[in-house]
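Let's take a walk through this structure together, starting with a single chain and then moving on to the places where chains meet. Have the picture open as you read.

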Number of protein chains: 6
Amino acid sequence: MRPSKRAADELRPVTLERAISKHAEGSCLVKFGDTHVLCTASLEERVPPWLRGQQRGWVTAEYGMLPRATGDRMRREASAGKQSGRTQEIQRLIGRSLRAVVDLEALGENQITIDCDVIQADGGTRTASITGAWVALHDCLEWMKSRDMIKKPVLKDHIAAISCGIYSGTPVLDLDYAEDSTAETDANFVLTGSGGIVEIQGTAEGAPFSEEEFGQLLGLAKGGISRLVDLQKLAIL
Amino acid sequence: MRPSKRAADELRPVTLERAISKHAEGSCLVKFGDTHVLCTASLEERVPPWLRGQQRGWVTAEYGMLPRATGDRMRREASAGKQSGRTQEIQRLIGRSLRAVVDLEALGENQITIDCDVIQADGGTRTASITGAWVALHDCLEWMKSRDMIKKPVLKDHIAAISCGIYSGTPVLDLDYAEDSTAETDANFVLTGSGGIVEIQGTAEGAPFSEEEFGQLLGLAKGGISRLVDLQKLAIL
Amino acid sequence: MRPSKRAADELRPVTLERAISKHAEGSCLVKFGDTHVLCTASLEERVPPWLRGQQRGWVTAEYGMLPRATGDRMRREASAGKQSGRTQEIQRLIGRSLRAVVDLEALGENQITIDCDVIQADGGTRTASITGAWVALHDCLEWMKSRDMIKKPVLKDHIAAISCGIYSGTPVLDLDYAEDSTAETDANFVLTGSGGIVEIQGTAEGAPFSEEEFGQLLGLAKGGISRLVDLQKLAIL
Amino acid sequence: MRPSKRAADELRPVTLERAISKHAEGSCLVKFGDTHVLCTASLEERVPPWLRGQQRGWVTAEYGMLPRATGDRMRREASAGKQSGRTQEIQRLIGRSLRAVVDLEALGENQITIDCDVIQADGGTRTASITGAWVALHDCLEWMKSRDMIKKPVLKDHIAAISCGIYSGTPVLDLDYAEDSTAETDANFVLTGSGGIVEIQGTAEGAPFSEEEFGQLLGLAKGGISRLVDLQKLAIL
Amino acid sequence: MRPSKRAADELRPVTLERAISKHAEGSCLVKFGDTHVLCTASLEERVPPWLRGQQRGWVTAEYGMLPRATGDRMRREASAGKQSGRTQEIQRLIGRSLRAVVDLEALGENQITIDCDVIQADGGTRTASITGAWVALHDCLEWMKSRDMIKKPVLKDHIAAISCGIYSGTPVLDLDYAEDSTAETDANFVLTGSGGIVEIQGTAEGAPFSEEEFGQLLGLAKGGISRLVDLQKLAIL
Amino acid sequence: MRPSKRAADELRPVTLERAISKHAEGSCLVKFGDTHVLCTASLEERVPPWLRGQQRGWVTAEYGMLPRATGDRMRREASAGKQSGRTQEIQRLIGRSLRAVVDLEALGENQITIDCDVIQADGGTRTASITGAWVALHDCLEWMKSRDMIKKPVLKDHIAAISCGIYSGTPVLDLDYAEDSTAETDANFVLTGSGGIVEIQGTAEGAPFSEEEFGQLLGLAKGGISRLVDLQKLAIL
């Protein structure tokens, strides 16, 4: 039924590989099937100008795609001279999602930048990014803890994300590119480990959708994110 | 209770003033209380390069704020040399929302650009923009119809948008700036005249929210958008 | 004779509406016929870096046009990524004109930015901008005075501007777009309330003009600006 | 009296050296005292897109300053990533001035670009540029004539420019930097060989000026430009 | 002696992993020790405008670094809005080097773009890029051959690159970051499989170097590149 | 044999004219035949932020070409909004070359910027730039010495540069444009007065070159640079 033969509520194979960068304070290569994203956490012992002197830290994110991460080569944003609206939208979403589970005061006057670079894309790059970014952030905070740079817990919960959509009339979990490009409805959900909703973005690509359909998508997302959080727990053991 | 003394499900005073531009094929000055947005529809008898020769048209949107639309003056984007991520996010949302109710084939090889320029901001500029943009688009299509440029109905339905949020623990409709800046949760809903959902964007600003809370927000939005659609109908009489 | 049937020395209907912005310290919606410009004055209690520590303030201006202010939609400068030469030329002119009647030392270490945004254009946007900007600046200074932020008079005089041109061989006052686009000669004059000349810009669009013709244009301008200054006086009563 | 000891109506030593570029179709190194500008005319046998198919040509200009043309080094515009408002204002002025004496139809579908690059600056770079640009343009047209690329006269007249100002209360001709930076009033005049006025730009730097003062400046300019035109005639003998 | 304990003429462990991209027509992950570069070859069946209609193809390269490829996070070039001089220098070098062994006529009117993205940096990113790019290019050409898109051999030879330098007075091969940042002299060599020199870039970082020293570096490079070419041959077996 | 009839080891006529700028602390107009470059040295009594407080100075360079320095007019980089990769490559080379003979500590916390602007190009602009830049730098340092701004010698040696290439199978010195555009191999050499090598850049434009050929080019370069250094010595007498 689905191009990948998956069940409606089945995630693609997900892996979270830690410490894949020689330099970064925390890092994770996350794979949702053929979607591969390299997440690194970089610590700076200072905060942006607008936050100075407030005894609080900051967590932010940047997102990028290698030009041939996609089926057709896309123009390199560095060469085009600007980031697309899509890129900015995604990196703002990643940053907001992470901050939802961070105690910025406990972080002290430090900034952590999570870079999510898509090595290969097959749909769901933003949800894979958020899921992997949490692991990179976690490891960066462990790095700080081991150096006594933070005293109190900074991470308040897990955060993970998944897409759902209505494909050929059926609500399905974790759309790959083949599904994403033809789905009638596409929604992204960001939830905490305890099931709280942090972000919902739903878009009707074709016909508008109903409240009931949306409820089904949210139900699928809850199940999927619960499994992603389990995988995060395993990864950081 | 609310800073504006409004009931939880009460919209701000909304007005939709048509034909306020000497030049544009369609235009609307929309006010949601102290939020004022000037929407103009501009017709071009050609389509973007990637759409040529497909017998279809295109509807797109651009969004901007006058520098002193806000409490503190913001830097002019033309002078900064680029549009912010927020601006791009909003104009992409407006365009998608409008296209959800447009029959692009019936439009023929024409492009309509809706410019939404915020003259004064007090929260909810994107929802006011979408609601007013529909009127400007409607009038542009009437202009075309009166010149026999289109033969079949292009507009399939109404489209309108409203924000909801949880303010001091209570779900409320149509946040103004005083509420928006302190709300725990902020969500924007774009619905058609027949109640179909086109876009949902929900963000937890503070604590994550629950599925039940989200349902309450959606309920408020449905009521509010139903009234906005009534106002659109009155406006185009 | 003139497309608008006006007499050669007749201004278009001019209105100056104050306090049209909820946020700005001073504001004015100026209309010269179908040319409508929204002027806001924004106060900052600091000066640009190159002026620091000199016990003087600064007045500057920015100018913009909504994309569909004109007959054909123009590309949004924020999206193009830069301001055109014309835009920069005009905003530099507005700033210079205002500073000619401001005592920058009396202003103290404060900066006032006047934004002139053209809502609708029908010729003469720069002259309308200067004329309306003076009112917005005046009101911003009143706002400061009422808060004891300034002790001495800052405004030394009125400033207003008008265009003149040779249309079909006849010198005429206050060109609208229909005249401006075909005039042989186009000149802009900026004068103080006491009749001193602050800026003159004259351009032969077709054949060069003579000293005598230029004298006639200046004569018309003096009459027109005298009436604009009267209207400013009425507006701030 | 004047820092340079010149009489009030005395030009700086002016030289116009032709054919100083190995590559350009026309070129001129113009010196107004210590202000040195290299003008080259470059021919292209095509016109800008907006002019195609109209059997007319185009003349345009670009202006630049070497970073250390001035007393203090200025940032290189190529490195800053944009041309300043002043640069754009000047190059628009040069282009307009030249076109005032060119028969664009006689030019055929060709474009001539005049580059005016300031090698050394000591006030009056825009007036020197226009005066030298005319010579470069003349020689480019001769080059075309000798190749039968044009049949009818393209140049209708000479064009030259000079600044005047009120310095220490006295109207003076051709301001150098020492005068320009302290003059109360600064005006630039562009006139044809037959004395027609093409551009007037007058600015009060300090106190506003009167009609009478402006008349004196124009009188000085006429005398100065008459001598510049004589020098152009000598140069092209 | 060397921080890595390597002999003076010893390469770091080099691996060339092919077909690591799901989408690209050719790809290679090249590792020179801790320097990891992802090379993809993207085919387009058209050439740049300046090459159209000449029955020839084009090979070009782009280079980038992930922000945290380095010890300290570097600003993302897409966010900075431009590529650094260093980036442009490197990508021009990669492109020139590859074209030295490509028969552009045999390629037909096709363009191949090689993207070299540094996942992790430890010195020698440009030499690793060239060495891996050759493999990606080779595989892209095989892809074309298997689809009958090319008839004659396009690749004329191998191309590979290595750095050499004088470290603590001793000429050494394949500098890592610890050596590169303190070497007195740093040189990059690009050679063909048959030993022809394609590019030499030598820079004295401290004291100038002598012809004899340069000869020693070239000798080391020849040996190193010979081994790299052997590894390329093994990789494409 | 050579288009210019020069012997294989013959430089073009070289002149170094000092003090050609009224404003710069040091300046030199260098001519290598028809290649003319204006070099100015500008002193600032401060260093870039990353060098502050280290009791050291900095020498840097910028490079530009007037748009019609070349046979066909090239787009003005200031108008294009960015410097090309070639421009950046050259200005980085000039800066590195000069710093190789400067004692940055003896310079104190001062920065000298050398601007090399190509007035006319006929091949070899980068080598002429370096050769002339040394003279401008020298004179700037003399200017500082005469004002007691430096106590110890700052310049450690001469620096000069020349290109060599293989033209029609023969190694030749100092390529002009006619040779450069068809040479099989093109190399630039930067050497000190005492013969030390500072930079070598060799590129095979056609077939790869051999070690022996490269040795011949280096031999030619040594002879040529020795003569350039003699000319520098004469120039500063």
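This is a predicted model: local features need pLDDT of at least 70, side-chain atom pairs count only at pLDDT 80 or more; totals for chains, interfaces and linings use all residues.

Reading from the N terminus on, its elements go β-β-β-β-α-α-β-α-β-β-α-β-β-α. The radius of gyration of chain A (taken over C-alpha atoms) is 18 Å, close to the 18 Å that the globule rule gives for 237 residues, so chain A is as compact as a globular protein of that length. That rule is 2.2 Å times the number of residues to the power 0.38.

Residues are numbered from 1 along each chain as its sequence is written, chains are lettered from A and ligands numbered from 1 in the order in which they are written, and side-chain values use heavy atoms, with hydrogens and water left out.

What does the record say about chain A? An unreviewed UniProt entry carries the annotation "domain: Exoribonuclease phosphorolytic" for residues 10-140 and 159-222 of chain A; positions are in the numbering used here, feature names are shortened, and annotations may be inferred rather than shown by experiment. Residues 10-140 of chain A are 27% helix and 31% strand, with end C-alpha atoms 31 Å apart. For residues 159-222 of chain A, the figures are 25% helix and 45% strand, and the end C-alpha atoms lie 12 Å apart.

Now bring in chain E. Here 37 residues of chain E are in contact (heavy atoms within 4.5 Å) with 37 residues of chain A. The area buried between chain E and chain A is about 2,600 Å², and carbon and sulfur atoms give 48% of it. Buried area is the accessible area (1.4 Å probe) that two parts lose on being put together, summed over both. Three residues, His23(E), Arg68(E) and Arg76(E), supply 27% of the area that chain E buries against chain A, more than any other three residues.

Which side chain does Arg76(E) meet in a salt bridge? Its partner is Glu62(A), at 2.8 Å from N to O. A salt bridge here is a side-chain nitrogen of Lys or Arg within 4 Å of a carboxyl oxygen of Asp or Glu, and the rule finds 14 of them across the interface of chain E and chain A. On the side of chain E that touches chain A, the elements giving two or more residues are strand 3 (35-44), strand 4 (58-65), helix 1 (77-80) and strand 5 (111-120) of chain E. Strand 5 of chain E gives the most, with six residues.

Finally, turn to chain C and chain B. In this pair, 37 residues of chain C are in contact with 37 residues of chain B. About 2,600 Å² is buried between chain C and chain B, with 47% from carbon and sulfur atoms. The rule finds 14 salt bridges across this interface. One to look for joins Lys22(C) and Asp34(B), whose closest N and O atoms are 2.9 Å apart.

Terms used: Helices (H or I, at least four residues) and strands (E, at least two) are DSSP runs, numbered from the N terminus.
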